[in-house]
Amino acid sequence: MATLSVCQAPCGGFSFDYCRRNVLLEAELAKLERSVPAARKTGTTICGVVYKDGVVLGADTRATEGMVVADKNCSKIHYISPNIYCCGAGTAADTEMTTQIISSNLELHSLSTGRLPRVATANRMLKQMLFRYQGYIGAALVLGGVDCLGPHLYSIYPHGSTDKLPYVTMGSGSLAAMAVFEDRYKPDMEEEEAKQLVRDAIAAGIFNDLGSGSNIDVCVITKGKVDYLRPHDEPNKKGTRAGSYRYKQGTTGILTKAVTPLDLEVVEETVQTMDTS
Amino acid sequence: MNTRGLRSQLKDSVPVAGLCTQAGSYGVQDPLRKGFSSVKNELLPSHPLELSEKNFHLNQDKMNFSTLRNIQGLHAPLKLQMEYRATRQIQRLPFLQSSNIALDTLRGNDESIGFEDVLNDPAQSEVMGDPHMMMEYKLGLL
């Protein structure tokens, strides 16, 4: 194998070496009627809304792996910079790595310019990266923040298209959440009103979509202040048992008893001192 | 003078159109060095992104230089390319990892992080190319 690396200079990044092997493996598994293990998706409801002083982002907390819930309390609102946060839907690893890379790039950029980063910069970086990979990175994001020009909210699709809107929803529960927004959104709301609206939109996604569930996380971003409320609301708390259901000792009657002693002889005895100093 | 040395350097700067990177002597790939080859593997990429990723930096550079030529005239990209070529020559021997600081600073890579820094970092790879073979390839003796 060492000889194969003579001709090309080693480069980092994605390696497509295993693609052919994976295709063959899938064909083999299909013959045995089994399927390849599914990637962990977030099957989500995420949303954001612009209000009078800033932006409110909301997300549910369920991560699914096929038809099974993989994580009952995962965090979908990712940090990008002190004034910018991003909710991620789609493949969990993709959203996590993408937001971390963009967060690092934005930090380097803001150190280079000496200014607080702008939401439009984060948006541009994200869309250029997602377009480069032609949608193979499955990350649908809701990006919101407050910068020198005011509050901004963007939605970014896995193929790299973006929309700048006053209220956005993404994920499998996006239709349920959007229905709530379309009914009750007003421009220039107050903070409590906006938080209640986001909470209700995420709750609609949680109760009407199988891919979303558990708690509601909310992140309120204003100029100079970020309130990360995790959890903001727990509509799916696990119930507590009303009484004790243990059986008393002696409930089952003993009919017969047979005792067999095991005679073990000591062959060797060693003592190993622990280093407790 | 043996011109194969120059050829191996030039080949690395030509965009890879197909997947068959080189035909050895006699016009086919040398199975001892490159393993068994199949026509399908050479014609079709194993992933739709493979070709575009292989040529990504070359294409970006081409685009940037042509825009620069249209805006600022011929000399601007010429001078930049001269600087790139100069910094690309500051390298260690081929089997060792070079830091490429000057090249990275010129490109602006010192202020950005991408997947090539996180995944498959060549500085952390477990295998190393055979030093003798890599030197022979570089000098065109192979």
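Start inside chain A of this predicted model: select A:Ile80, A:Ile84 and A:Leu143, which touch the most other members of the largest nonpolar core, a set of 22 residues. Next, colour the elements that build this core: β6 (84–90), α2 (92–113), α3 (119–132), β7 (139–147) and β8 (150–156) of chain A each give at least two residues to it.

Now centre the view on A:Ile80. Leaving aside residues up to four places away in sequence, A:Ile80 touches A:Tyr85, A:Cys86, A:Thr99, A:Ser103, A:Leu106, A:Ala122 and A:Leu143.

Time to bring chain B into view. Here 27 residues of chain A are in contact with 33 residues of chain B. About 2,900 Å² is buried between the two chains, and carbon and sulfur atoms give 66% of that area.

Which residues form a salt bridge here? Select B:Glu53 and A:Arg132: their side chains meet at 3.0 Å, N to O. One salt bridge is found across the interface of chain A and chain B, along with four residue pairs in polar contact.

Finish on the side of chain A that touches chain B. α1 (19–31), α2 and α3 of chain A each supply at least two of its residues, and α2(A) gives the largest share, six residues. Colour this side by class and you will find 16 nonpolar, nine polar and two charged residues.

Technical notes
Residues are numbered from 1 along each chain as its sequence is written. Chains are lettered from A and ligands numbered from 1 in the order in which they are written. This is a predicted model: local features need pLDDT of at least 70, side-chain atom pairs count only at pLDDT 80 or more; totals for chains, interfaces and linings use all residues. Side-chain values use heavy atoms; hydrogens and water are left out. A nonpolar core is a set of buried Ala, Val, Leu, Ile, Met, Phe, Trp, Tyr and Cys residues joined through side-chain atoms within 4.5 Å. Buried means under 20% relative accessible area, exposed over 50%, partly exposed in between (1.4 Å probe, protein chains only). Helices (H or I, at least four residues) and strands (E, at least two) are DSSP runs, numbered from the N terminus. Contact means heavy atoms within 4.5 Å. Buried area is the accessible area (1.4 Å probe) that two parts lose on being put together, summed over both. A salt bridge is a side-chain nitrogen of Lys or Arg within 4 Å of a carboxyl oxygen of Asp or Glu. A polar contact is a pair of N or O atoms within 3.5 Å; within protein, one must be able to donate a hydrogen and the other to accept it, and residues adjacent in sequence count only if both atoms are side-chain atoms. Ala, Val, Leu, Ile, Met, Phe, Trp, Tyr, Cys and Pro count as nonpolar, Asp, Glu, Lys and Arg as charged, and the others, Gly among them, as polar.
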